[in-house]
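Below are some notes for a colleague on a two-chain model. Please read them alongside the coordinates.

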Amino acid sequence: MNRIKEMTKGAVSFIKGTPQKIKSGLKNFHLTRKVFSYPYILFLLLFVIVPTAMIIVRAFISEGKLSFDNFATFFTDGASLITLGNSMLIGVLTTVICLLVGYPVAFILSKMNSGKVLVMLFVLPMWVNFLIRTLATKALFQAASLPLGLGAVLFCMVYNYLPFMILPLHTTISGIDKSYVEAAQDLGADKVTVFVKTILPLSLPGIISGITMVFIPTISTFAITEFLRGNSDIYLFGDSIYIKFMNNAWGVGAVMSIIMLIMVLISNFFMSKLNDSNDGSQVGARLW
Amino acid sequence: MVKKILERSYLFLVLAFLYAPIIFVMCLSFAGDGARFSLSGGFSIESYTSIFTSDKTPALLDALKNTMLIAVISSVISTILGTVSAIGMFHLGKKMSKIVNNVNQLPIINSEIVMAVSFMLFFTTLGFPEGYVRLIIGHVTFCTPYVVLAIMPRLYQIDPNIYEAALDLGATPAKALFKIQLPMILPNILSGFVLSFTLSMDDFIITQINKGTSSGIETLSTYIYEDAKLNGLEPFWFSIFTIIFVVVLAVLLVANLRKKTQSVGGKNAK
């Protein structure tokens, strides 16, 4: 689902940035037309707000009473904390590798004339279901008789999420005004300085959104580690939320969901902040 | 020149990395001799014929049917709900429309596993019947926001004078809506529909957690998951993966090429 998040981001900032003036011409019909949105508002309340609120409330209920027991259980349990640490470690490693591999790709693509067509080639694999991609990776590892474990998990994560890094980076880098680069050159900067002082800072929004697009899904997926962990005991945050709910430890599962939710909201806050300051102008090359 | 060659070969290397597992599975699907993970057995289409003769065929067809059924129903509902509410949201006051927009984004930014478990909690607490109802509600909830987002920007782009002209020429508001506004946002409605269909078909996490144990409903992705967990990867699956790859890639290529020609046409019209 993530890939679409990236693609619709432009649309979101577009809606936010549009002046409301245009609508004044239609003022007479506001009263009737806005009624159309009421069923959906009700729907959102019932199926988005209420379930989210329930998960939050559930975290504070233990044995039928309001308490912080679930939080205490989670934060004193060594195994859950190791899971949290493992997820963070794998998330950070995956993100760093994706950034290091993906940035040059996005940079080279933005310089090429045929870049737009090539971007499509880089993005196509992410439309194949992630389970199939994961199982294909497993087949590749087994055929090459490579051991499953941390290496295989990392390989598959990078393989699964690299397009999510390349896409926002490419949109941002190809949206950079070339005259900044030329100005820097005119002022006597060498190639490295031009890159470090102009291109890198200007591509920061892309870097941030790429990091979010990779980090959050990496720590919250389940099933990938299940197939690729082999004999090691790598569990990610997503895996353990699933396991907690399947084993009827709903309270602790709810606590973990809240932690996940907070991470999502924080990263989204930074992303929207950067997008607002950049006017969301890089709607450019999107697949849809 | 050397730099250019280096750059190209770097791109090629990354592409090779991205496609290696897919291409490897495609090759495996044609491997004969039932030898797992090896191409030594020569060429055969055995794994393709086994799709129809395997003892898993009924379960597979059932999963395919469920996937399609859920995808069609939820994408149709999402498209209608999304279109109607996008038009409504466009006419909401500034404050209200901002709030609704933010809530609308929650299913998009939220991580799937959190959404899935909160649905599970919600459904079991309120005693929703297990099975299709839960799955379709779940799918509609994560598809509709994308439909709304596909339509909203277009609504802001349309010149309001066109609509007013229709009214001046004697059309009723309802007629102006159906004859003027809807046709103008039709391409966006369609892309919203395609998007929700794809999302629904592709979904694994929400379906897996909310399908329930007693209903026995499996979609393609949950069936692949369950089977691969139990039996490991059988050659049978390689052929199915290959078919899925080819279908997905073909659909995407067609969609993109069509989109390109359309946008060129659109520019000329202006």
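This is a predicted model: local features need pLDDT of at least 70, side-chain atom pairs count only at pLDDT 80 or more; totals for chains, interfaces and linings use all residues.

1. Residues are numbered from 1 along each chain as its sequence is written, and side-chain values use heavy atoms, without hydrogens and water.

2. Contact (heavy atoms within 4.5 Å) involves 98 residues of chain B and 90 residues of chain A. About 9300 Å² is buried between chain B and chain A, 79% of it from carbon and sulfur atoms; buried area is the accessible area (1.4 Å probe) lost on putting two parts together, summed over both. On the chain B side, His91(B), Leu121(B) and Tyr156(B) lose the most area to chain A, together 8% of what that side buries.

3. There are 2 salt bridges between chain B and chain A, taken as a side-chain nitrogen of Lys or Arg within 4 Å of a carboxyl oxygen of Asp or Glu. One of them joins Glu7(B) to Lys111(A) at 2.9 Å, N to O.

4. Gly127(B), with a positive phi near 65°, follows α5(B).

5. The structure has 0 disulfides (cysteine sulfur atoms within 2.5 Å) over all chains. The closest cysteine sulfur to that of Cys156(A) belongs to Cys98(A), 11 Å away and too far for a bond.

Technical notes:
Chains are lettered from A and ligands numbered from 1 in the order in which they are written. Helices (H or I, at least four residues) and strands (E, at least two) are DSSP runs, numbered from the N terminus.
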